[in-house]
Amino acid sequence: MTTPTAESALAASDAVLDREETISRDELEALQLSRLQHTVAYAYDRVPLYKRKFDEAGVHPTDLRELSDLGKFPFTTKEDLRLEYPFGMFAVPQQEVARIHASSGTTGRATVVGYTKKDLADWAKLVARSLRASGVRPGMKVHNAYGYGLFTGGMGAHAGAEALGCTVIPISGGQTERQITLIQDFKPDAILATPTYLLTIADAMMKQGIDPASTSLKYAVLGAEPWTEEMRHELETTMNIKACDIYGLSEVMGPGVAGEAVETQDGSHIWEDHFRPEIIDAFDPSVVLGDGEPGELVFTSLTKEALPIIRYRTKDLTRLLPGTARPAHRRMGRITGRSDDMIILRGVNLFPSQIEEIALRIPELSPHFQLELTRPEGQRMDQLTVRIERRESVTAEVVASAAKVLQQQIKIHVGSSCTVDVVEPGSLERSNGKLRRIYDMRPKA
Ligand code: DLL
């Protein structure tokens, strides 16, 4: 892996970067401090929840004199946004809110987010920056398979691709057969999708006798769910593309909070001219951890008008790494999982991405798997079953040994005992967007 400087990154690509992408760390931190001071004062003055929380914590915006003072300020959580449903977090009058998005709200109320016209322009700029970093160029045709609607993926990616100067094909998620027809007919250069949905598309192509490596696609910009290096390898080889990561969350903006550079493919650069990241100890949030240490990612927005967000606890577990292709902007390591997606199996912590990593190293097994948690009648111990499809190319006879290897590897690398059930190709549910991997069938406590 190379670690180019800003100059060599620029020289290596034909792209014109934003000035903020190439500034020095010192200049960036000075910009962060002034923007942060503005944001905490702005949030305090305009959003009652922030005023209340800052007052309760005994901090005032004037206490923010240097970047490390941010640690004195209280966190914001998804629960805060839910309690302020629908518009209590907005810092501008409704007439100035140009667009609203919302999370699906599978548990409890949806969280609602809003954008002013300037917020939308900043968002488009950052998605454009992310796409460009990942190899997409003005003039390219971009097939956007993120879902349109209240989810930020579709419209967020759309506006970014337009801002970059691409021709956007707004197909949204689902209707996989149609996606394939349009990929063949319109010949896009890049595809934007969740990694598991791209896998669904590739899989459906193979079923139709189309070689996924034979399409016009050269780049994929994938995010909205955790994925692994092994999944990158799988998608890049089956589709003959370069696949890069894009990260974001609706409460902080949407896609484009961070994006990965195609020349290094070493994790997404957080666009630190707009967001100040921190890593905290998920179990003791008062502890702010240093770069390189794993913990929970926390974000403070630096430029948002409609929904300034102070120290938002993402629940995403990762670590901060030094900038490479964009030296001033730190990278985030791969998200191992969300703290609320963590399976605790007989005292051992486990994330679906660990299973993905291990399973994809076993040639007989496919990337299509589900995790089922049960507690058999009369037993106190939970049981994990990994249900995974065999590869089309292998016979049912060899799968017994592959199942055994997977079971052993999970025991060695994760520390959990489990049952592996290798099933027929095509028998598990396919992704349409964010894939559900965990099926928790344990009786509710
Ligand atoms: O998923 C925004 C997005 C759309 C990002 C399209 C990238 C591409 P939410 O629905 O609010 O927003 O979900 C945010 O998804 O906290 C992570 O847990 C997860 N996530 C998003 N991007 C990545 C990624 C969008 N690149 C939640 N890697 C976040 C791992 C991701 N997890």
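**Note on the predicted model: strands, helices and selected residues**

1. Strand 10 and strand 11 (residues 288-289) are paired antiparallel through 2 bridges. Within this pairing, Ile279 has Leu289 of strand 11 as its bridge partner. The model is a predicted one, and that applies to every point below.

2. Strand 10 (residues 275-280) also pairs with strand 12 (residues 295-301), again in the antiparallel sense, over 6 bridges. Here Phe275 stands opposite Ser301 of strand 12.

3. Which residues of strand 10 point which way? Phe275, Pro277 and Ile279 point to one side, while Arg276, Glu278 and Ile280 point to the other, and all are buried. Since 6 of the 6 residues of strand 10 are buried, the strand is largely enclosed by the rest of the structure.

4. An open sheet of 9 strands has mixed pairing and the order 4-3-5-6-7-8-9-15-14. Strand 4 (167-169) and strand 14 (320-321) are at the edges with a single partner strand each, so one side of each lacks a neighbour in the sheet. Strand 8 (residues 254-260) and strand 9 (residues 268-270) run antiparallel and are joined by 3 bridges. Glu260 is placed opposite Ser268 in strand 9.

5. Helix 8 (residues 176-186) lies across strand 3 (141-144), strand 4 and strand 5, at about 180° to strand 3.

6. Helix 7 (residues 152-164) has 13 residues and spans 18 Å from first to last C-alpha, close to the 18 Å expected at 1.5 Å a residue. Its buried residues are Thr152, Gly153, Gly154, Gly156, Ala157, His158, Gly160, Ala161 and Leu164.

7. How many disulfides does the structure hold? The number is 0. For Cys244, the closest cysteine sulfur is that of Cys166 at 14 Å, which is too far for a bond. Cys244 is buried, with a relative accessible area of 0%, and Cys418 also counts as buried, at 6% relative accessibility.

8. The largest nonpolar core has 66 residues; those touching the most other members are Tyr50, Phe54, Leu131, Val136, Tyr247, Val252 and Phe299. Apart from neighbours within four places in sequence, Phe54 is in contact with Val40, Tyr44, Val59, Pro61, Phe73, Pro74 and Ile310.

9. Ala402 belongs to helix 12 (residues 399-413) and counts as buried at 1% relative accessibility. Leaving out neighbours within four places in sequence, Ala402 is in contact with Ile362, Glu364 and Leu365. Ala402 and Ser172 are 230 residues apart in sequence, and their C-alpha atoms are 36 Å apart in space.

10. Beyond its neighbours within four places in sequence, Glu372 is in contact with Gln383, Leu384, Thr385, Arg387, Tyr439 and Met441. The C-alpha atoms of Glu372 and Val386 are separated by 6.5 Å, with the two residues 14 residues apart along the chain.

Technical notes
Residues numbered from 1 in each chain as written. Predicted model: local features only at pLDDT ≥ 70, side-chain atom pairs only at ≥ 80, totals over all residues. Heavy atoms only, no water. Helix = DSSP H or I, 4+ residues; strand = E, 2+ residues; numbered from the N terminus. Expected span 1.5 Å × (residues − 1). Buried < 20%, exposed > 50% of the residue type's maximum accessible area, 1.4 Å probe, protein only. Pairing = 2+ DSSP bridges. Contact = heavy atoms within 4.5 Å. Axes fitted to C-alpha atoms, helices over the stretch in contact; angles between N-to-C directions. Disulfide = S-S within 2.5 Å. Core = buried A, V, L, I, M, F, W, Y, C linked by side-chain atoms within 4.5 Å.
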